[in-house]
Amino acid sequence: MATYLEFIQQNEERDGVRFSWNVWPSSRLEATRMVVPLACLFTPLKERPDLPPVQYEPVLCSRPTCKAVLNPLCQVDYRAKLWACNFCFQRNQFPPAYGGISEVNQPAELMPQFSTIEYMIQRGAQSPLIFLYVVDTCLEEDDLQALKESLQMSLSLLPPDALVGLITFGRMVQVHELSCEGISKSYVFRGTKDLTAKQIQDMLGLTKPAMPMQQARPAQPQEHPFVSSRFLQPVHKIDMNLTDLLGELQRDPWPVTQGKRPLRSTGVALSIAVGLLEGTFPNTGARIMLFTGGPPTQGPGMVVGDELKIPIRSWHDIEKDNARFMKKATKHYEMLANRTAANGHCIDIYACALDQTGLLEMKCCANLTGGYMVMGDSFNTSLFKQTFQRIFTKDFNGDFRMAFGATLDVKTSRELKIAGAIGPCVSLNVKGPCVSENELGVGGTSQWKICGLDLTSTLGIYFEVVNQHNAPIPQGGRGAIQFVTHYQHSSTQRRIRVTTIARNWADAQTQLRHIEAAFDQEAAAVLMARLGVFRAESEEGPDVLRWLDRQLIRLCQKFGQYNKEDPASFRLSDSFSLYPQFMFHLRRSPFLQVFNNSPDESSYYRHHFARQDLTQSLIMIQPILYSYSFHGPPEPVLLDSSSILADKILLMDTFFQIVIYLGETIAQWRKAGYQDMPEYENFKHLLQAPLDDAQEILQARFPMPRYINTEHGGSQARFLLSKVNPSQTHNNLYAWGQC
Amino acid sequence: MTRCPAGQAEVEMAELYVKPGNKERGWNDPPQFSYGLQTQAGGPRRTLLTKRVAAPQDGSPRVPASETSPGPPPMGPLPPSSNPTSPPVGSGPASGVEPTSFPVESEPLMEDVLRPLEQALEDCRGHTKKQVCDDISRRLALLQERWAGGKLSIPVKKRMALLVQELSTHQWDAADDIHRSLMVDHVTEVSQWMVGVKRLIAEKRSLFSEEAADEEKSAATAEENQTIPGFQQAP
């Protein structure tokens, strides 16, 4: 239905939400029969160039267990200056500043077009952003040089008053004291022994000596936020010295004998970084950026030994329980990740190596804190250099697209409860009336913490309808959900973004058609996929696929029109027509199929899948395929082998790769050089068209995709062939959907 | 925006280029976009290619609509694209660095760049710590050495000339942006000394705003002294 598509799109643009169902089944029983849970993809900081923040703080409901924010759904008595909370029905007095409001003079937060609104917090100190570089020096010369240059370049991209620090590691871990005068000092730690936070802080001289008894001052382990520490200095002060320090970095001096890997103490290096920030700047926006060129081979968190003849674990090893270091290493990094998230900081991992680097064990560091994971072959590649540059991209206002220290608080009207969230977050363990006992994803809470996020970070939030069967539809006919995100903007100012939405309830027994028409198959596919990938972390692969297949069958049984015993009669309405395709491609995707990927690669793909917005997530599930030809403008075509034709050029976008594929005839013409002849200028334009479209994508996407330009018969064509549905094989099977 | 009388168009074009990726070190390494192209792409991202096609529900085979022909490609104009994209001046991802084919212009003189920078440093000497000035001075010397030794490429020299122009007309943000573009596009050539230029821009900017604030203050007091006619100032 065209109108629902518009409705869905408008809501996404304004509020950053996509719901699986836009008309809600009014009872718990009926909701479970819908198969796809009631859930939404929510982008807390959805880019809104047209929404300037208001310069005051939000008005809250006075009930201590509610505290919902004043919003357009609230009933207002302008004469008595009272408002009724739409979640708990408490009547609240407007604060004195609202004395002048009336029907014709409404505050912005009551107007329907401000269902999403942002407030600025005026009070409180604004602490600077912090960037702590943790750099592996066990790299080849070219790689280290390229990395050094990228880090020097980044000093020009950082805001001048941001704090920056440097820790380098190899066999030992060095914490560099940044000073403007003369000789640079550093504190050296052994890479074999883990230290507690307190030990690290003591050894770095971060804890103040105990106060004498008479003073009775409370112990202040953290310094005043504006005071920089010796290890974290403002860019504008330290950039020249740090540029020199980076320029002078050498490869790890410890010799590596034949047949051995370098001793890399990543686990201790990260531990020291976390402890350093914990002791100096807790609860303020900070990024720990880990740059590593190989797996940790020493100390806590080691992922493989130093003998090259013993390879790093593969999926096969993990299945056979033959991954010696995995459990212990994962535990070490999980401990670090949880501590980091509790401190409000985030950890990025930039791993560039030809072999695996331990992303499987370290992934929680990025996933729990909202940090980035970038995987490349070498620091001396365009993929790393440009992906790294793009972290510092600015938005339309000239601010960074990154934000820090977010807490997301979700409130629901009484008929709904919160089952959980899936995305780059940790639970804040806030219980309350909105929290369901049935968990989907990270549950048992109505609040989560997202320490690192940007304008596209998206969480999947899952709900449960709790109304009893046959209970009447709630008065007003609509259910409501409010998302309140407190965060530190990249300008260091604290802000609060509030999104309040409502949708109609409907009785599934009499109004199933309405509910059906308002189904968002794209959102449903991504939400189910996130559930599947979440399960895949703890369940066996085949079990997850079986679960996914079962859900698809149940959905088709419920919403398909068919005559029994007649497969050809099966039909799905328009709002479901793409869903089976999505599920088909999802079950073949690298998110659920680990075959042909290393554990690190699977972790990398899953990391990006669990945080992208709907459009990008869908590209990952079912790659986009466009066909270019002389017969008309470029058009989308089925992701099927029947779309591969000799006189067409295909552009495929899988999110991680951009593939341009020339059909057989096109390739022959190109080889013959027709594009260079003036009479065949249209052929030259045809060849150029997909290149231009590819460039649009390559110029903007984070992380930067790989770029494959191939043709019929080329070895790189396998990237396309492995993705399309093989409906035409040498056996000439024609039936669609046979897998 | 940059205001360079001669050669501006050429310099701007040089800033929008695409180089191939490093195929030796990274398989299928994507092309490298210049700073100018990347900042152009900023802002709300428009994902143009997002449509999908539903599979036919009756399970019928998709018959290929066209046939291969062994002859040459058809002639005549191409049907209009539904996604009109204007290619950047330069080349698409598959080609290499495009040399700018403009009438040969004389490259900037080293003196024209170094002298204003050294002058700017002198201006800052009263306002900035000695150590910082010495550090900047050291790096300017390094720049001079590199330039004189023929170790800098022409795009770097041209953009430095532009930077110096912006600096002398107090366009701090523009000068800063040029320094950034040089750090992104030519980091190997410039990293050692560019941070000194960056600091110089920052110091000049803060000196300028201090001087402007002082002038305002003295103008305000001068006004005060003039408001009461006939009032004699105490000697």
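Which residue lies over the face of Trp27(B)? Arg706(A) does, at 4.1 Å from the ring centre.

## About the model

This is a predicted model, where local features need pLDDT of at least 70, side-chain atom pairs count only at pLDDT 80 or more, and totals for chains, interfaces and linings use all residues. Residues are numbered from 1 along each chain as its sequence is written, chains are lettered from A and ligands numbered from 1 in the order in which they are written, and side-chain values use heavy atoms, leaving out hydrogens and water.

## Aromatic pairs

Over all chains, there are 38 aromatic pairs (rings of Phe, Tyr and Trp, the last by its six-membered ring, with centres within 6.5 Å; planes under 30 degrees apart are stacked, over 60 edge-to-face, the rest tilted). Phe384(A) and Phe388(A) are stacked, because their ring centres lie 5.6 Å apart and their planes meet at 10 degrees. They sit four residues apart in helix α10 (residues 382–390) of chain A, so about one helical turn separates them (helices are DSSP runs of H or I, at least four residues, numbered from the N terminus). Phe384(A) is buried at 0% relative accessibility, and Phe388(A) is buried at 1% (buried means under 20% relative accessible area, with a 1.4 Å probe and protein chains only).

Trp669(A) and Phe683(A) form an edge-to-face pair, with centres 5.8 Å apart and planes at 90 degrees. Trp669(A) is in helix α17 and Phe683(A) in helix α18 of chain A, so the pair ties together parts 14 residues apart in sequence.

## A charge over a ring

Arg171(A) has its charged end over the ring of Trp254(A), 4.4 Å from the centre (CZ of Arg or NZ of Lys within 6 Å of the ring centre and within 35 degrees of the ring normal).

Key. Helices (H or I, at least four residues) and strands (E, at least two) are DSSP runs, numbered from the N terminus. Buried means under 20% relative accessible area, exposed over 50%, partly exposed in between (1.4 Å probe, protein chains only).
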